[in-house]
Amino acid sequence: MKKRILLLAGGQSGEHEVSLMSARSVLNALPRDQFDVTPVVISKQGRWLPPTETQRALESGEAATGGDLVLHRAASAEGYDAVFPLLHGPMGEDGTVQGLLTLAGIPFVGSGVLGSAVSMDKVMTKQVLASAGIPQVAWALAVRREWQQQPDSVRERAAALGYPLFVKPANLGSSVGISKVARAEDLDGALNLAFSLDRRVILEAMTAHKPREVEVGILGNDAPIASPVGELRFEADFYDYETKYTEGRATMHIPAPLSAEVAEQVRALALRAFRALDCAGLARVDFFYVEETGELLLNEVNTMPGFTTTSMYPKLFEAAGLSYSALVTRLVELALEER
Ligand code: ATP
Ligand code: MG
Ligand code: MG
Ligand code: MG
């Protein structure tokens with residue numbers, strides 16, 4: 001019997017369009033002799049689109065409107081064997097949709113409520129990983145109300161970290177809302193931008209030297225495996241949205257030119273982080289490697305990483321001998337696995 005899969009895409013976050021790109025690739029790759037796949041695009045307003053509108057959104061790649069309320073459609077998700085929530089960012093990668101599917105009793109690809117929620121929030125992630133002894137940059141939290149009522153205390157926190165520093169919405173991805181702040185004069189603008197997107201904002205110190213950026217894929221549930229390590233290289237000041245999604249702005253190097261020891265250290269730290277955060281299914285764990293000092297710092301954990309055929313996560317497993325379609329098939333198997 002073919003497995004019936006509901007593929008969720010789009011969603012309410014700033015990464016809606018990125019999700020549509022990922023979903024198109026997965027839709028083409030799930031073997032039709034094993035799976036019966038129904039895509040449903042979730043609009044930016046959080047409505048689940050009927051088939052024709054879903055098809056239109058997937059083909060055009062543009063944000064759609066209309067559709068039904070979440071709870072109404074979730075009930076009809078009951079006929080599926082598994083859901084692939086290929087959603088990035090808040091209201092999709094953060095435990096909300098995972099909670100809905102858990103309540104509905106439908107297995108799904110990826111981390112559950114806890115792993116998704118903690119990994120989505122960069123501050124919560126840092127706190128959990130610090131307690132697991134994983135090296136990270138120095139950081140500070142600020143919440144919107146504080147920024148509105150005691151801006152000087154937020155500015156002091158930034159000054160204590162030193163410039164340049166990074167300001168980020170705590171719960172987002174694709175570098176949306178992230179600024180590299182070189183001087184104190186530019187701090188307010190960066191904070192205003194980040195707070196327009198999230199109630200929680202993280203301030204992060206930078207390493208003394210420009211770090212190399214290496215990433216590793218994790219696959220599995222309670223016995224996860226790590227992929228080879230990949231590296232991203234680009235000319236831009238940091239890996240911003242434009243650099244991520246404009247053809248030719250960044251290059252991927254798999255395996256990353258690192259010593260065997262460093263590569264092994266990356267994989268071991270990533271596996272430790274995956275377990276500490278109670279992740280499941282998949283995650284892409286991003287690191288900074290400071291060549292001058294040999295320092296390896298964990299940057300973040302993405303529980304639903306970019307998933308087009310040319311994205312880092314599938315490329316990392318391809319290098320390990322797992323094709324894109326074998327990978328998505330494995331992810332569905334992991335969703336159905338007894339834990
Ligand atoms: P993703 O699309 O991978 O989910 P994201 O939006 O969650 O990304 P980050 O990975 O936290 O954002 O940061 C985006 C980029 O900004 C990094 O890849 C890196 O280039 C730069 N960056 C972020 N934080 C720091 C830091 N503390 N020091 C140096 N560079 C940083
Ligand atoms: Mg991220
Ligand atoms: Mg992300
Ligand atoms: Mg990242």
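Biologist: Which residues coordinate the magnesium ion (ligand 4)?
Modeller: In this predicted model, side-chain atom pairs count only at pLDDT 80 or more and local features need at least 70, while totals for chains, interfaces and linings use all residues. Residues are numbered from 1 along each chain, ligands from 1 in the order written, and side-chain values use heavy atoms, without hydrogens and water. Donors are N, O and S atoms within 2.8 Å of the metal (3.2 Å for Na, K and Ca), and sites may look incomplete because water is not among the atoms. At 2.0 to 2.6 Å, the coordinating groups are Asp-286 (OD) and Glu-300 (OE).

Biologist: Which residue coordinates both this ion and the magnesium ion (ligand 2)?
Modeller: The two ions are 4.0 Å apart. Asp-286 is in strand 11 (residues 281-290) and Glu-300 in strand 12 (residues 295-302), 14 residues apart; strands are DSSP E runs of at least two residues. Both residues are buried, meaning under 20% relative accessible area (1.4 Å probe, protein chains only). The residue coordinating both ions is Glu-300.

Biologist: How much of ligand 1 does the protein bury?
Modeller: An oxygen atom of ligand 1 is 2.4 Å from a side-chain N or O atom of Glu-213, and one is 2.7 Å from such an atom of Asn-302. Taken alone, ligand 1 exposes 620 Å², by the Shrake-Rupley method with a 1.4 Å probe. The protein buries 95% of that.

Biologist: Between which domains does ligand 1 lie?
Modeller: Domain bounds come from an automatic or database assignment. Both domains give residues to the shell around ligand 1, so it lies between domain 2 (119-134 + 209-336) and domain 3 (139-205).

Technical notes. Helix = DSSP H or I, 4+ residues; strand = E, 2+ residues; numbered from the N terminus. Buried < 20%, exposed > 50% of the residue type's maximum accessible area, 1.4 Å probe, protein only. Polar contact = N/O pair within 3.5 Å; in protein donor to acceptor, adjacent residues only side chain to side chain.
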